[in-house]
Amino acid sequence: MIDSRDVTGLILAGGRGSRMGGVDKGLQGFRGLPLALHALQRLQPQVGRVMISANRNLPAYEAFGVPVWPDGLADHAGPLAGFLIGLEHCTTPWLLTVPCDSPCFPADLAGRLAAAATAQGADIAMAAAPEQQDDGSTRLRTQPVFCLLHVGLLESLQRFTAEGGRKIQAWAARQRCAIAAFDQPGDDPLAFFNANTLAQLHALDGTPSPC
């Protein structure tokens, strides 16, 4: 089993925030705290240490008291750029990534991803959650920004991004990837909801979700 002390958490806050009007998403308020700080407080009990990937307002993020790293790839290359900088600076065997705009992510995320990676002998464990279809049925949908990554994947990711690759799932498909289903009774249906707009963020802020 993977010990929590062997996992470094990485909060992804380096996006453009284009669907929020270009604001720095990680610094927007949620339940009285900036989104990134809310994520930090939710993630810290699950892992040994935490870092933040951010590309602007770095002093504001540094004030949260954890290391902050800007992307090494140009032009806001997406979440994989955050994965890459996280793996480059990770000093533990595993890296756990979470986005800053899904503040209700599970309080047992690290443990369940670690269990899936161990059980399936994988180098990546990716979360999946139920999604309702147009016909009323539900199916599991992977949540690729919620990943537990072994640090041995660094060279593979460096090659993939150097070749222009930017899709998490395309890179993960080349690895031994486990899927951890968050579809059990008691799992929060809003756990992986990401607030892409300020209206969505404000609506989520008003829900009775346990996050």
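This is a predicted model: local features need pLDDT of at least 70, side-chain atom pairs count only at pLDDT 80 or more; totals for chains, interfaces and linings use all residues.
**Gln132**
- Gln132 counts as exposed because its relative accessibility is 59%, where the cut-off for exposed is over 50%.
- When neighbours within four places in sequence are left aside, Gln132 is in contact with Ser137 and Thr138.
- From C-alpha to C-alpha, Gln132 and Arg31 are 27 Å apart in space, with 101 residues separating them in sequence.

**Ser102**
- Ser102 sits in the loop that runs between strand E6 (94-99) and helix H4 (109-120), and with a relative accessible area of 1% Ser102 is buried.
- Apart from neighbours within four places in sequence, the residues in contact with Ser102 are Phe146, Ala191, Phe192, Phe193 and Asn194.

**Nonpolar cores**
- The largest nonpolar core contains 39 residues, and those with the most contacts inside it are Ile11, Ile52, Leu96, Leu109, Leu113 and Leu148.
- Elements that each supply at least two residues of this core include strand E1 (7-13), helix H1 (35-43), strand E4 (49-54) and strand E8 (138-150), while H4 gives the most, with 6 residues.
- Leu113, once its neighbours within four places in sequence are set aside, is in contact with Leu96, Ala125, Met126, Ala127, Phe146, Cys147, Leu148, Ala180 and Phe182.
- A second, separate core has 20 residues, among them Leu10, Cys147, Leu154 and Leu157.
- In soluble globular proteins, nonpolar side chains tend to be buried together.

Note on methods
Residues are numbered from 1 along each chain as its sequence is written. Side-chain values use heavy atoms; hydrogens and water are left out. Helices (H or I, at least four residues) and strands (E, at least two) are DSSP runs, numbered from the N terminus. Buried means under 20% relative accessible area, exposed over 50%, partly exposed in between (1.4 Å probe, protein chains only). Contact means heavy atoms within 4.5 Å. A nonpolar core is a set of buried Ala, Val, Leu, Ile, Met, Phe, Trp, Tyr and Cys residues joined through side-chain atoms within 4.5 Å.
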